[in-house]
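The structure is shown first, and the notes follow.

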Amino acid sequence: MAPLQDDKGTEVTEVSIPKRPISTVVFIIAMQTEASPLVEKFQLAQESNSVFPNGVPWVRYSGKYKDLNINIVSPGKDVVLGVDSVGTVSASLITYASIQALQPDLVINAGTAGGFKAKGACIGDVYLASDVAFHDRRIPIPIGKLSTGDSLDMCPHDEKAIVANDATVKDMEGAAVAYVADLLKTPVIFLKAVTDIVDGDRPTPEEFLQNLAAVTAALDQAATRVVDYINGKNLSEL
Ligand code: ADE
């Protein structure tokens, strides 16, 4: 049999897709504010017996919703600075540890993102990303629609890379989660809700903070629709 190839002709390893309904889902969510509405919606409880190494601030909520075992994993607060540990480093670590410990059928990276009005993004829109890429690695990379870097702002150098990535939304975790999920051959979905217009007139931090609460409500609704949709389905049906 000829080796499998992706749409760019690169050889890919065959991944066996279980022929049974999706059972375990792990949400990777960077900020407490983004995670809390979903924890309530799915009536999850914080796990006290950690499957993670002793001493890490990572937080896991879990419970049953319909036929699904739902986990929400967040990086928690930075032990020195007391703020949410956003960004690619923590996102990679918790994705890796969660897949190792929980063996999910599916990972969902849900969170907020900046949107580009040049691409039609508006505040409160929720995107299911079709592709992801990093924009702050000075290495030529394939086109991606969700562009990820470790900064909330956008310097001219990043702007060039983001435009080259043809991005509609820009976040701080997606490509890191994609990297680890791909390493561990675990399917992943990206749900990104727009809190600020990156190519608009307003300062990003101000617009982000102003819209964070309202937009996480839109994220919460979209994530619930996704979970209701996947409930009872096999991966091959998505
Ligand atoms: N999350 C929300 N808005 C963002 C932005 N403009 N850049 C990166 N991450 C974000």
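Lys66 is partly exposed, with a relative accessible area of 49%; partly exposed is the range between buried, under 20% relative accessible area, and exposed, over 50%, with a 1.4 Å probe and protein chains only. The model is predicted: local features need pLDDT of at least 70 and side-chain atom pairs count only at pLDDT 80 or more, while totals for chains, interfaces and linings use all residues. Residues are numbered from 1 along each chain as its sequence is written, and side-chain values use heavy atoms, leaving out hydrogens and water.

Lys66 is not a glycine, yet its phi is positive, about 50°. Its place is the loop between β3 (59–65) and β4 (68–74); helices (H or I, at least four residues) and strands (E, at least two) are DSSP runs numbered from the N terminus. Lys185, also a residue other than glycine, has a positive phi near 55°. Lys185 follows α4 and sits in the loop between α4 and β10 (188–197). With a relative accessible area of 43%, Lys185 is partly exposed.

## Salt bridges

The whole structure holds seven salt bridges, each defined as a side-chain nitrogen of Lys or Arg within 4 Å of a carboxyl oxygen of Asp or Glu. One of them joins Asp105 and Arg20, with the closest N and O atoms 2.8 Å apart. Asp105 is in the loop between α2 and β5 (106–115) and Arg20 in the segment before β1 (24–28), so this pair ties together parts 85 residues apart in sequence. Asp105 is buried at a relative accessible area of 9%, whereas Arg20 is partly exposed at 39%.

A salt bridge also forms between the side chains of Asp166 and Lys119, at 2.3 Å from N to O. This pair links distant parts of the chain, 47 residues apart: Asp166 is in the loop between α3 (156–164) and β9 (169–171), and Lys119 in the loop between β5 and β6 (126–128). Asp166 is partly exposed at 24% relative accessibility, and Lys119 is partly exposed at 40%. Arg202 pairs with Glu206, the closest N and O atoms being 2.9 Å apart. Arg202 is partly exposed at 33% relative accessibility; Glu206 is partly exposed at 44%.

## Packing of α2 and α4

α2 and helix α4 (residues 174–183) pack at an angle of about 30°, with their axes 8 Å apart. Axes are lines fitted to C-alpha atoms, for helices over the stretch in contact, and angles run from 0 to 180 degrees between N-to-C directions. The two helices, α2 and α4, are therefore roughly parallel to each other; angles under 35 degrees count as such.

On the α2 side, Thr88, Ala91, Ser92, Thr95, Tyr96 and Ile99 meet Ala176, Val177, Val180 and Ala181 of α4, where contact means heavy atoms within 4.5 Å. Seven of the ten residues of α4 are buried, so α4 is largely enclosed by the rest of the structure. Among those buried residues are Gly174, Ala175 and Ala178.

## Thr88

Thr88 belongs to helix α2 (residues 88–102) and is buried, with a relative accessible area of 10%. Leaving aside neighbours within four places in sequence, Thr88 is in contact with Phe134, Thr148, Asp150, Met172 and Ala176.

Methods. Angles under 35 degrees count as roughly parallel, over 145 as roughly antiparallel, 65 to 115 as roughly perpendicular and the rest as oblique.
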